[in-house]
Amino acid sequence: MQENNSEYLFSSITMDLSWNTDVGETMAGFFQRLKAERRLYGTRCSNCLRVYLPPRPVCGNCWQQMNDWVELGEQGTIVGKTVCYYEILDSMTGKPRTTPFVLGLIQIDGADTTLNHFVETPDPDHVSIGDRVETVLRDTLQGNVGDIVHFQWLGPPTTSSQGSKK
Amino acid sequence: MKKYQQLRASVHLPFSFAVGATASRFYRALRDEKTIYGTRCDNCQRVSVPARSFCSHCCKTIDHHQTGQWIALPEYGTLIGWCETPNKDGFFTALIQLEGADNLLLHRVGQCDAVLLHKGLHLRAAWKASAAGTITDIVCFKPERRA
Amino acid sequence: MKARPVAIVGTGQTRHRKARPDVHQGEMVQEAVNLALLDADLSWDDIDAIVLTNMELFEGRALPDLWCSEFAGGLGKPVMKVATGGTSGTSGAIAGLLQAASGLFDTVLVVGWEKHSEGSTQTGMSLTDPAWDRHIAAGAIGNFALSISQYVAERGVTGEQAAMVAVKARRNGALNPNAHVKDAGITVEKVLASPMLAEPVHLLDMCPQSDGAAALIVVGGDKTRRYKNPAWFRGSATRHDQPYIGDHDKRMVMMRTLRSAAQEVYRKVGIGDPFKEIDIAEIYEPVSYAELAWYEALGFCAEGDAGKLIESGATQIGGDLPVNPSGGVLCSNPVGATGVIRVAEAARQLHLKAGDYQVDGARRALVSGYGVYTWSDVLFFSAERP
Ligand SMILES: [Zn+2]
Ligand SMILES: [Zn+2]
């Protein structure tokens with residue numbers, strides 16, 4: 001028991017817990033394609049035509065099986081952003097991330113869903129909704145989500161970096 | 001056979017559980033007085049060990065500050081049941097009936113030959129030299145010849 | 001089978017605090033249950049069934065129903081646990097209300113609790129899909145801020161307007177002895193001067209993490225007769241949504257779960273103009289900006305008018321539609337209990353027992369629950385028997 005400078009006692013423990021997660025065939029297919037082609041893929045619902053990233057076997061909105069794989073772009077658009085000042089541990093390194101860091105909701109070209117991820121930029125204050133970003137993958141791909149390192153800020157959209165309209 | 005992808009994920013989660021006022025007094029007494037305390041419900045008179053704040057039979061609060069509700073129990077009792085496979089430090093997980101208590105205490109029995117263990121065996125607490133205010137301040141319950 | 005009328009006739013809450021080291025989980029549960037039984041003038045023998053609500057991951061103790069049932073007086077009785085994130089408490093209340101409405105049980109106890117001081121809430125909340133978004137989990141605040149940035153861009157609400165929500169909450173909380181965070185002297189300037197967590201969210205825009213428990217007593221049939229001001233249950237709706245945060249297009253702006261749950265309840269109860277026809281609302285606002293977004297989703301104002309609504313003072317005590325007169329989630333947030341607290345506070349208003357934050361003429365009360373990113377519950381109560 002710990003005394004904790006109070007009238008009352010505490011029992012302090014740290015639990016180290018591990019699980020094995022079966023990713024399933026669709027997610028495995030995404031990681032295999034990512035590793036083989038250095039490309040992100042989504043799945044498309046044949047009913048509502050929504051393209052999902054991360055891919056999954058069922059469109060929940062239509063309760064419809066999805067079998068179509070769609071190749072996604074290497075760039076995307078920031079649709080939501082924040083500059084964070086609180087400390088978090090980087091799950092890749094286990095070390096605290098330097099603050100401030102930028103989080104973005106990123107709509108990758110060709111996808112209808114968005115992805116929340118880190119945006120790398122020399123100037124956090126100049127990142128705006130609508131700006132373009134590029135996916136940065138790690139050099140040696142391992143076939144898991146850690147292969148997506150972050151998104152590099154490119155700046156406001158220009159005609160050449162405009163997302164492809166579906 | 002087809003190989004499926006599986007991910008190994010580990011987490012480290014720190015917790016600090018409050019044991020509450022009644023249990024705080026119980027663990028401190030274990031550490032400072034080397035005494036096992038129980039509580040008596042003033043409605044059904046049941047004595048519970050470890051000491052607790054609530055009688056679930058009567059759905060009634062037990063106030064450990066009231067006389068007659070905070071009970072020092074003897075450190076001896078009898079063996080009721082045990083797991084025949086010893087745990088890794090050689091003790092046997094056991095249910096012990098402390099004299100004067102109405103419920104069974106989950107602890108361990110040991111420092112003896114396993115063949116000696118039988119239901120009704122008289123046991124006495126063996127205390128750790130340096131107490132920390134946890135239930136393992138009692139190393140185990142040890143068979144003893146009845147006085 | 002047709003549901004029969006049921007009402008909430010008793011509520012009990014602990015003093016919600018940063019930490020309650022003097023009690024363990026079960027003892028804290030018992031505190032709230034005893035207060036609710038006292039409030040309803042009932043004893044343990046009168047309870048026919050119990051619903052527990054708690055998010056055990058936050059305390060790291062498996063099977064809270066095992067450890068806490070007896071402290072809720074559950075030995076030898078039917079007990080079930082409901083755990084749906086932030087909506088746990090409102091979902092548990094709905095479960096208890098429907099159990100009584102089914103006619104199978106006359107008197108049902110609902111009790112929710114959380115002891116955030118015992119665990120690591122942020123880590124617990126980041127235990128999402130290990131194949132996908134656990135690597136990039138940046139905590140609840142970062143995720144809120146992302147959705148808020150979309151809401152701000154779309155609707156043009158200002159930091160001052162959000163801060164007014166935080167000010168209203170903490171001033172109301174100062175009137176509520178159970179509230180964890182209270183500050184009668186808080187100002188918009190003070191909120192805006194508090195540390196920036198994730199743009200545009202300041203420390204004082206966020207809810208706290210609390211230790212606390214709350215209980216409700218639901219009765220049906222003849223058991224309702226002896227009560228003077230029962231809070232009659234008129235209807236509820238529950239909605240879940242897709243799993244990943246990026247699945248929800250303009251999550252906070254649209255909040256399709258809350259919109260659709262509210263519309264279903266308004267249809268069931270026959271409400272055409274929520275702002276005019278509701279007397280008091282207790283809604284689940286985890287962050288100041290969310291209250292503004294929920295005003296729109298609940299139809300309290302037109303799309304884009306939430307900033308004007310908070311500025312008008314209409315949602316303060318004494319206004320046309322007081323929202324969270326108890327201080328709300330911005331003042332107390334023991335997650336498993338928070339939804340139960342919303343229901344309890346709405347019921348207390350109809351019981352005319354809300355003390356210093358009693359809303360005059362409170363006869364129709366709305367409750368909302370919010371869980372994970374997008375789950376929603378909506379409940380409606382009235383002083384009038386259905
Ligand atoms: Zn679809
Ligand atoms: Zn008793």
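Strand β1 (residues 6–13) and strand β8 (residues 231–239) of chain C pair in the antiparallel sense over 2 bridges. Strands here are DSSP runs of E with at least two residues, helices are runs of H or I with at least four, and both are numbered from the N terminus. Two strands count as paired if DSSP finds at least two bridges between them. One bridge joins C:A7 to C:W232 in β8(C).

Before I go on: this is a predicted model, where local features need pLDDT of at least 70 and side-chain atom pairs count only at pLDDT 80 or more, while totals for chains, interfaces and linings use all residues. Residues are numbered from 1 along each chain as its sequence is written, chains are lettered from A and ligands numbered from 1 in the order in which they are written, and side-chain values use heavy atoms, with hydrogens and water left out.

Back to chain C. The open sheet there has 9 strands, in the order β3-β2-β4-β7-β1-β8-β11-β10-β9, with mixed pairing. At the edges stand β3 (79–82) and β9 (280–282); each has a single partner strand, so one side of each lacks a neighbour in the sheet.

Next, the zinc ion, ligand 2. Which protein atoms are its donors? They are the SG atoms of B:C41, B:C44, B:C55 and B:C58, at 2.2 to 2.3 Å from the ion. A donor is an N, O or S atom within 2.8 Å of the metal (3.2 Å for Na, K and Ca); water is not among the atoms, so sites may look incomplete. Along the chain the spacing is C-x2-C-x10-C-x2-C. B:C44 lies in the loop between β2 (36–40) and β3 (47–48) of chain B, and B:C58 in the loop between β4 (54–55) and β5 (60–61), 14 residues apart.

B:C58 is buried, at 16% relative accessibility, whereas B:C44 is partly exposed, at 27%. Buried means under 20% relative accessible area, exposed over 50%, and partly exposed in between (1.4 Å probe, protein chains only).

Last, salt bridges: a side-chain nitrogen of Lys or Arg within 4 Å of a carboxyl oxygen of Asp or Glu. Over all chains there are 35. In one of them, C:R226 meets C:D41, with the closest N and O atoms 2.7 Å apart. These two residues are 185 residues apart in the chain. C:D41 is exposed at 56%, and C:R226 is partly exposed at 48%. Elsewhere, C:R155, C:R259, C:E296 and C:E303 are linked in a network of salt bridges.
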